Amino acid sequence: MKNMEINEIYTLFEEIRELIKVGSRNNTPIQPEIELPDLLAIDELLGKLDEAIEEIRKPVRTEHHHIFSFASSKVFYGVIGLCIMCLFFILTVFYQRKEIATYKDNDLKYRYIQMQGEITPAGVIALDSVFENRRDSVKMIRKQVQYHEKVIIEKAKRLEQARLKEQEAEQLKKEAESLKYSK
């Protein structure tokens with residue numbers, strides 16, 4: 001009806017006026033020609049719509065199921081690959097621990113030889129046999145070396161302090177002489 005022209009609206013009013021005049025002469029109620037829609041169907045649809053909205057507003061619980069099955073070849077090969085990698089890493093760590101222990105022993109042998117000052121070839125062979133056969137003797141050698149290194153460090157600190165005191169004494173002598181000559 002928005003796009004209707006004024007003439008059409010005027011014509012509709014004229015028809016309505018004619019119907020009212022005819023109805024008032026006959027004293028019969030005027031029946032409109034327009035059928036009214038069934039409002040009960042709309043009420044049913046509104047009820048269903050309200051129920052659907054309530055269902056949508058209810059929280060939905062989602063359950064996740066993870067299945068780990070060897071039936072899938074990808075999973076099977078993946079597990080086998082991971083096991084092989086773990087085995088490889090375990091063996092690598094084991095051999096590296098052996099190698100690191102050997103390096104530690106060689107370091108201790110070197111420090112022991114430094115502590116002794118000099119060593120003969122027979123002494124080197126005897127030292128190697130101690131490291132291969134008697135591990136408890138190695139602990140004693142380690143303690144000796146650590147004690148010797150500690151003593152050397154303390155001695156070096158004392159020597160450094162003595163050197164600093166000598167420098168300070170020389171500095172004070174120079175200052176005393178300069179004061180003596182300045183007077």
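**Close-up 1. Packing of helix H3 against helix H5.** Helix H3 (residues 73-116) packs on helix H5 (residues 135-182) at an angle of about 55°, and their axes are 10 Å apart. H3 is therefore oblique to H5 (under 35 degrees is roughly parallel, over 145 roughly antiparallel, 65 to 115 roughly perpendicular, the rest oblique). The model is predicted; local features need pLDDT of at least 70 and side-chain atom pairs pLDDT 80 or more, whereas totals for chains, interfaces and linings use all residues. Residues are numbered from 1 along each chain as its sequence is written, and side-chain values use heavy atoms, with hydrogens and water left out. H3 crosses H5 in a left-handed sense (near helix turned anticlockwise from the far one by less than a right angle; clockwise is right-handed). On H3 the contact (heavy atoms within 4.5 Å) is made by Asp 105, Leu 108, Arg 111, Tyr 112 and Met 115. The H5 side includes Arg 135, Val 138, Ile 141 and Arg 142. The residues of this H3 and H5 contact comprise 6 nonpolar, 3 polar and 5 charged (Ala, Val, Leu, Ile, Met, Phe, Trp, Tyr, Cys and Pro are nonpolar; Asp, Glu, Lys and Arg charged; the others, Gly among them, polar).

**Close-up 2. Packing of helix H3 against helix H4.** The axes of H3 and helix H4 (residues 121-133) come within 11 Å and cross at roughly 140°. H3 is therefore oblique to H4. The crossing of these two helices, H3 and H4, is right-handed. H3 contributes Asp 105, Leu 108, Lys 109, Tyr 112 and Ile 113 to the contact, and H4 contributes Leu 127, Asp 128 and Phe 131. By class, the contact of H3 with H4 holds 5 nonpolar, no polar and 3 charged residues.

**Close-up 3. Lys 109 over the ring of Phe 131.** Lys 109 lies over the face of Phe 131, 5.3 Å from the ring centre (NZ of Lys or CZ of Arg within 6 Å of the centre and within 35 degrees of the ring normal). Both residues also belong to the contact of H3 with H4.

**Close-up 4. Packing of helix H4 against helix H5.** H4 and H5 pack at an angle of about 120°, with axes 6 Å apart, in a left-handed crossing. Leu 127, Val 130, Phe 131 and Asn 133 of H4 meet Arg 135, Ser 137, Val 138 and Ile 141 of H5. This contact of H4 with H5 divides into 5 nonpolar, 2 polar and 1 charged.

Conventions:
Axes fitted to C-alpha atoms, helices over the stretch in contact; angles between N-to-C directions. Helix = DSSP H or I, 4+ residues; strand = E, 2+ residues; numbered from the N terminus.
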